[in-house]
Amino acid sequence: MTNPTAAAPEPYLCGGERAAAHGAHYIEETVRVYLMRDLAGTDTWVIDPTCFGDALPSEYDEPQNSECRCETPDECADIVDRMDKVGLPDGEDLMFMLAAALGYTLTKTDA
């Protein structure tokens, strides 16, 4: 028997649909995070230390807006140009972004 007071699961919305629902443009970028085999020989993946300090490399030539649902392509193109000037995160920045998106609190330890 189902619970009539339980909230129905929200339908999946792609990034472009979520942005449109907020009256925003959907501009996306993707970064490459390098992994390497653990040097201790445990056959596990670890983050390659080259991911820290400099911006992570982009997989695109410029930010993309192909999924944007807006009806103002000139405005959208201007935003793509602005976002192209915004620096990409490095590995540490990405860690904080992931933690915030997933609801984690980070604590740095002395190591």
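**Entry 1: E17 and its partner**

I began with E17, which I found to be partly exposed, with a relative accessible area of 32%. The model I am reading is a predicted one, and I keep that in mind throughout these notes. When I looked up the partner of E17, I found that its side chain meets that of R69 in a salt bridge, at 4.0 Å from N to O. This pair links distant parts of the chain, since E17 sits in helix α1 (residues 15-21) while R69 sits in the loop between β2 and α2, 52 residues apart. I then checked R69 itself, and it too is listed as partly exposed, with a relative accessible area of 42%.

**Entry 2: the other salt bridges**

How many salt bridges does the structure hold? I count the total as 3. As background, I note that side chains of opposite charge can pair when their charged atoms come close.

One of the remaining pairs is R32 with E59, whose side chains meet in a salt bridge at 2.5 Å, N to O. R32 lies in the loop between α1 and β1 (35-37) and E59 in the loop between β2 and α2, so this pair ties together parts of the chain that are 27 residues apart in sequence.

R37 is partly exposed, with a relative accessible area of 46%, whereas D43 counts as exposed at 62%.

**Entry 3: the loop between β1 and β2**

I stayed with D43, whose place is in the loop between β1 and β2. For context, most residues other than glycine have a negative phi.

T44 is found in the loop between β1 and β2 as well, and at 37% relative accessibility I note it as partly exposed. Leaving aside neighbours within four places in sequence, I find T44 in contact with M36, R37 and D38. I also looked up how far T44 is from I79, and the C-alpha atoms of these two residues, 35 residues apart along the chain, are separated by 40 Å.

**Entry 4: a charged residue without a salt bridge**

Next I turned to D48, which has its place in the loop between β2 (45-47) and α2 (73-84). Is D48 buried or exposed? I find that D48 is buried and yet has no salt bridge, for the nearest side chain of opposite charge, R32, is 11 Å away. Not counting residues up to four places away in sequence, D48 touches Y34, L35 and M36.

**Entry 5: the cysteines**

How many disulfides does a search of the whole structure find? The search finds 0. As a reminder to myself, a disulfide is a covalent bond between the sulfur atoms of two cysteines. I looked at C68, where the closest cysteine sulfur is that of C70 at 3.7 Å, which is too far for a bond. For C76 the closest cysteine sulfur is in C68, again at 3.7 Å and too far for a bond. I checked burial at both of these residues, and C68 counts as buried at 14% relative accessibility, while C76 is buried with a relative accessible area of 2%.

**Entry 6: A24 and C70**

I looked up A24, whose place is in the loop between α1 and β1, and which counts as partly exposed at 36% relative accessibility. Although A24 and C70 are 46 residues apart along the chain, their C-alpha atoms are separated by 7.9 Å.

**Entry 7: a nonpolar patch**

Which residues make the nonpolar surface patch of about 640 Å²? I list M95, F96, L98, L102, Y104 and L106. Of these I followed up L106, which lies in the segment after α3 (91-102) and is partly exposed, at 38% relative accessibility.

Technical notes. Residues numbered from 1 in each chain as written. Predicted model: local features only at pLDDT ≥ 70, side-chain atom pairs only at ≥ 80, totals over all residues. Heavy atoms only, no water. Helix = DSSP H or I, 4+ residues; strand = E, 2+ residues; numbered from the N terminus. Buried < 20%, exposed > 50% of the residue type's maximum accessible area, 1.4 Å probe, protein only. Lys, Arg positive; Asp, Glu negative; His and termini not counted. Contact = heavy atoms within 4.5 Å. Patch = residues over 30% accessible without salt bridge, like charges linked within 9 Å, V, L, I, M, F, W, Y side chains within 5 Å. Areas by Shrake-Rupley, 256 points an atom, 1.4 Å probe, with all protein chains shown as cover. Disulfide = S-S within 2.5 Å.
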